[in-house]
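User: Can you walk me through this one? I'm new to reading models.

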Amino acid sequence: MMAEWCGTNLKNCDGWKNVNLELSTTSNENAKWLDACIRQLVSWSDCESIGGFHKSLENLETSDPDAIMARCFIVGLTGLGTEAAGRDVDFVQKMDKLEKDAEKYGNNREKQHAKAAILWGRGYHHEAAIVWDRILDEHPNDLIAVKFSHDAHFFNGSCSGKLNAIEKVIEKWDKTEPCYSYLHGMYAFGLEESAKYEEAEKQADIALNLNRFDCWASHAKAHVLEMNGRHKEGRDFMYNTENDWRQGWMLATHNYWHTALFHIEFSEYEDALSIFDREVANRFNRTNSLLDMVDASSLLWRLELEGVNVGKERWRKIENLGKYIENHSIFFNDVHLGVALYRQENQETENSLRESLENYSNLPNEDNSQITKNIGLPLYDGMIDYAKGNYDEAVEKMYPIRENVVKIGGSHAQRDMFVQTLIHSAILSRKPENWKRTQNLLLERNSLKSNSILGERLATKFRILHPL
Ligand SMILES: [Fe+2]
């Protein structure tokens, strides 16, 4: 059975102290639930024997509502889950209270954790990542810091940050620790995003040999196969190991999205659509999470770029989006939200989102507001221009910022949606200067992501529309 390890030998207060990760709480229950929560979070799955992740999280809160480290975990998780940001009243109160209490009652490590989680929650995303990384200098075995740093660098679009953080701790770990194998999966993803594909694949295989249920390692491997253009291998790998990785339900929607990408490369659109109908849309409807919304929106958009008529009804399966329009945790979510609303013909809500983004981009303090201002708004408008058939305008907005889009976060594979849209726009543009740019854009895409059949299709489309 998967994840049975995660419910046994949970660390009590002494357990945490013995590995140099002392907690200020005196509640052994609370200490154990903290261990249960981070283990399940790192494995993206529920440990049934202790009631699953959400139950563990509830128990973590109720077993000692004042515990500092537990609250650092909850605030960090809420912020990095991108479901709440610095404008959410409850969240702000939680952060303010934690800030005061950590100063009074927290130990040194806890104070640092509180600082990082609150920085993130208040929108200082880069400083937050630095503080989580700094905890690792002294406490390389602090799995909460490892995981939060990894996620923070991901959302910050910092490929090297993600790689460096894990590289500096992995050798220092006791290999008998229950979550040790997961470090190899994180390492694999850091390497992959740094375009070190061969080493990345080795690390993913090490992780999967140690634990075949490590869905983050499967995910890293899917990324390598995607970027190397090994699409057949990728498609086979995802189906052959589906029963392993799908148990990591927190990541399963995204791993199905990766499976669909392999189909799209082969123009197997019906298969990709059936993954959307069977898995992606249904999972989004159960979780209603922004992370699942991103996969749903991205998958339909990519199919439409390929000329597939996905139908309004599919777009409308990504429902109840209105509640997210003032969230602005990360711009990466907002652009996926915007195109979904536009395609649903939910014009009023889309306009409200665009207006809210404009107001938000004038906040001077948050990292994400500045990214929204300088990269986000032109990208957003360019995507909508493309959707409206205004290809010249789409190129005008997206071409100058294309090298900075990495800063909105996500992975290369995810941001390929913007690259593809820009290339289509350049091909369909009326301006010869944009046609000239197309060759270059195709080369740029190819340098990161080789042997793409989809890239060949784009090149063919260009040659047909613009014969020399
Ligand atoms: Fe991914």
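User: Is Asn 20 buried or exposed?
Analyst: Asn 20 counts as exposed, because it has 12 C-beta neighbours inside 10 Å. The cut-offs: a residue is buried if 20 or more other C-beta atoms lie within 10 Å of its own, exposed if 12 or fewer, and partly exposed in between, with C-beta atoms placed from the backbone. One caution: this is a predicted model, where local features need pLDDT of at least 70, side-chain atom pairs count only at pLDDT 80 or more, and totals for chains, interfaces and linings use all residues. Residues are numbered from 1 along each chain as its sequence is written.

User: Where is Asn 20 found?
Analyst: In the loop between helix H1 (13–18) and H2. Helices (H or I, at least four residues) and strands (E, at least two) are DSSP runs, numbered from the N terminus.

User: What is phi of Asn 20 near?
Analyst: Near 65°, which is positive in a residue other than glycine. Most residues other than glycine have a negative phi.

User: And what about phi of Glu 345?
Analyst: Phi of Glu 345 is near 60°, again a positive value in a residue other than glycine. Glu 345 is in the loop between helix H19 (331–343) and helix H20 (347–360). Glu 345 is exposed, with 11 other C-beta atoms within 10 Å.

User: Switching to Glu 226. Buried or exposed?
Analyst: Buried, with 22 other C-beta atoms within 10 Å. Glu 226 is in helix H12.

User: What is Glu 226 in contact with, leaving aside neighbours within four places in sequence?
Analyst: Gly 234, His 258, Leu 261 and Ala 413. Two residues are in contact if their C-beta atoms, placed from the backbone, lie within 7 Å.

User: How many residues apart in sequence are Glu 226 and Asn 451?
Analyst: They are 225 residues apart in sequence, but 9.4 Å apart in space, C-alpha to C-alpha.

User: Back to H12. At what angle do H11 and H12 pack?
Analyst: About 150°, with the axes of H11 (residues 197–210) and H12 (residues 215–227) 9 Å apart. So H11 is roughly antiparallel to H12. Axes are lines fitted to C-alpha atoms, for helices over the stretch in contact, and angles run from 0 to 180 degrees between N-to-C directions. Under 35 degrees counts as roughly parallel, over 145 as roughly antiparallel, 65 to 115 as roughly perpendicular and the rest as oblique.

User: Which residues make the contact?
Analyst: From H11, they include Tyr 197, Ala 200 and Leu 208. From H12, they include Ala 217, Val 224 and Met 227. The contact of H11 with H12 has nine nonpolar, one polar and two charged residues. Here Ala, Val, Leu, Ile, Met, Phe, Trp, Tyr, Cys and Pro count as nonpolar, Asp, Glu, Lys and Arg as charged, and the others, Gly among them, as polar.

User: What about H21 and H23? At what angle do they cross?
Analyst: At roughly 50°, and the axes of H21 (residues 367–388) and H23 (residues 412–428) come within 10 Å. That makes H21 oblique to H23. Leu 379, Met 383 and Tyr 386 of H21 meet Phe 418, Thr 421, His 424 and Ser 425 of H23. That contact divides into four nonpolar, three polar and no charged residues.

User: Last topic: which domains does the assignment give?
Analyst: Domain 1 (1–158) and domain 2 (179–241). The bounds come from an automatic or database domain assignment. The C-alpha centres of the two domains lie 26 Å apart.

User: How many residues are in contact?
Analyst: Eight residues of domain 1 are in contact with six of domain 2. On the side of domain 1 that touches domain 2, H2 gives the largest share, three residues.
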